[in-house]
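Colleague: Could you walk me through how to read a model like this one? I'd like the general idea each time, then the case at hand.

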Amino acid sequence: MLGFLVRRIVVGLATLFVIASVCFFIVRFAPGNPFSQERQLPPEVLRNLEKKYHYDKPVLTQYVMRMKGYLTGDFGLSIKYQDRQVEDIIFPSVGTSVQLGAVAFVIAISAGLFVGVIASAFHNKWPDYVATSVGLLGICVPNFLLGPILVMVFALALGWFPVGGWPEEASLSEYSKLILPAFTLALVHVAYVSRLGRAGMLDVLHKDFIRTARAKGLDEKKVFLKHALKNGVTPVLSYAGPMAAYILTGSVVVEKIFNLPGMGQHFVDAAFARDLPMVMGTVLVYSTLVIFFNILVDIGYSILDPRVRLN
Amino acid sequence: MAETVAVTADEVHAGRSPGQLAVRRFFKNRRATVCVWLLVAVGLATIFVPMASSHDYRVQQLEEAKKPPTGTYWMGTDANGRDLMVRSFYGGRISFAVGLLATFVSIVIGVAYGALSGFLGGKIDLLMMRFVDVLYGLPHMFIVIIVMVIFGQSFLLVFGVLGCFGWMTMSRIVRGQVLTLKEKEFVEAARALGVTTRPMIWRHMIPNILGPVIVYATLTVPSIMLQESFLSFLGLGISEPETSWGVLINEGANALNSLKIYWWLVVFPGMLLAITLFCLNSIGDGLRDAFDVQQR
């Protein structure tokens, strides 16, 4: 277990290093000047700016400085907000994105498993067809389409939920702000999880040990809940890692639609303003989160399925 | 009567290639068959509706802005008074074009890379596949966005970049296929006859891995179209005056307000996107069942 953790963390750090390097060199060799604005800057100002951002030094020196910076938690100055450090802008918003993602993750796993397992229990009967349709709907209605539709129907037309915003205090009415964004983010994964869960359960239900359990006279409920369920849902677990990454990517869109103060907003704004230190910083934070969640999911996998060895 | 039976039996004996059998199995699948026709209909509409309509996708008439669907504007008009129907189908053209071209790019890279890696084997294979693993580890959507930001948004870049980041799974599938094919007798026979590397890959390997490649390519198209819409929705993909389904849905989302619901701005382009994704995924699933491809 410890060896596994150490190895995964080392690999994770190496991946982050590659990502940071790739980003750095794409950004550094990009055409155009990051400081060029609509109005022409006087050459002295431009030179001073380049000095402030160390653009006057050789590329390799800059690279080493940048990497050292990331190691010590110095993400560099934002270009758009010239007196602010990137990490001071990003870090306060990380919590929002992570919380939203966590809620969506829980919805996706629980609702997806529920739908999938019900479908397998009523194979080729109407609950199965309903579940399969939900699965299809989730796959062909992406979150950036689902979000506006949910806002139109449930927030604007029916007025059941607020249009957007983030809960400001711990009360039920404030937390209802989370429902639409979390569901928007989760639906496609509810679909995938239910498909995987259904397929896994149907697969297991045809196994010999299930027949044995039935043959020895166990009632169907027990066969299903005690014998099949545990083994049938393992395929879902292997999707949980990639799902964490997809949810974080998706939250960029969902934060935009529902106007949430998350990292995605900063990422999109920075991308538009060509604020490259900000873009790089957000990408690195996202990547760190993805790697972290993947390790977490693998540990969870090994706890739930003892056949999996962490080696 | 007896003669007809004999003829059909003869036909069976005449033999059918595995490909023909797969096509027959595919068309027995009702959902997939319906989806083929539906997709053809949407595809033709994206070509011909903008041509046949009297409206232009660029002409702005501000006095006609945000009109609900009427006899003149079947799908209403957008915030700048442009006919939404023409824009939706014209945008579909771009979405389809990006999906198909990027898939083509990813097939070319993926098949060449996977075939080479599997064929060469040994240390080179290990190295090449490690490289793919590293690429898998990258959060590629973010890197795509960085590239788009830096090099500017253009149609060429959208499909080029999406294609360049979409070939990894394809290369893994192809490599796996090549590895199993390499052990087959006919390949050994060909090698014994002195066939060199290049004809071996092109004449003997590629035709035999076509099934899985077609299946996976069909599933790549919707995923690329989805990514293109995602980028365009964020305003980082296709940009004005060109349009795509992602751009249109974004415009619809921006027009959301509590005073008046401009539902048509989201619903029509969204519906076209959803139908297309549904059809492509169903066809892909149908092909997979027909070719009986095991993924990896």
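Colleague: Which residues are buried in helix 7 of chain B?

Modeller: This is a predicted model, with local features needing pLDDT of at least 70, side-chain atom pairs counted only at pLDDT 80 or more, and totals for chains, interfaces and linings using all residues. Residues are numbered from 1 along each chain as its sequence is written, while chains are lettered from A and ligands numbered from 1 in the order in which they are written. A residue is buried if 20 or more other C-beta atoms, placed from the backbone, lie within 10 Å of its own. Helices are DSSP runs (H or I, at least four residues), numbered from the N terminus. In helix 7 (155–164) of chain B, the buried residues are B:Val158, B:Phe159, B:Val161, B:Leu162 and B:Gly163. Their cover includes helix 4, helix 6 and helix 10 of chain B.

Colleague: How do helix 5 and helix 8 of chain B cross?

Modeller: Axes are lines fitted to C-alpha atoms over the stretch in contact, with angles from 0 to 180 degrees between N-to-C directions. Here the two axes come within 10 Å and cross at roughly 150 degrees. Helix 5 of chain B is therefore roughly antiparallel to helix 8 of chain B (the term covers angles over 145 degrees).

Colleague: Which residues of helix 5 of chain B make that contact?

Modeller: Contact means C-beta atoms, placed from the backbone, within 7 Å. Helix 5 of chain B uses B:Met129, B:Val132, B:Leu135 and B:Tyr136, and helix 8 of chain B answers with B:Met168, B:Ser171, B:Arg172 and B:Arg175.

Colleague: How many residues does each chain bring to the contact between chains A and B?

Modeller: Chain A gives 34 residues and chain B gives 32 residues. Helix 6 of chain A supplies the largest share of chain A's side, eight residues.

Methods:
Two residues are in contact if their C-beta atoms, placed from the backbone, lie within 7 Å. Helices (H or I, at least four residues) and strands (E, at least two) are DSSP runs, numbered from the N terminus. A residue is buried if 20 or more other C-beta atoms lie within 10 Å of its own, exposed if 12 or fewer, and partly exposed in between; C-beta atoms are placed from the backbone. Angles under 35 degrees count as roughly parallel, over 145 as roughly antiparallel, 65 to 115 as roughly perpendicular and the rest as oblique.
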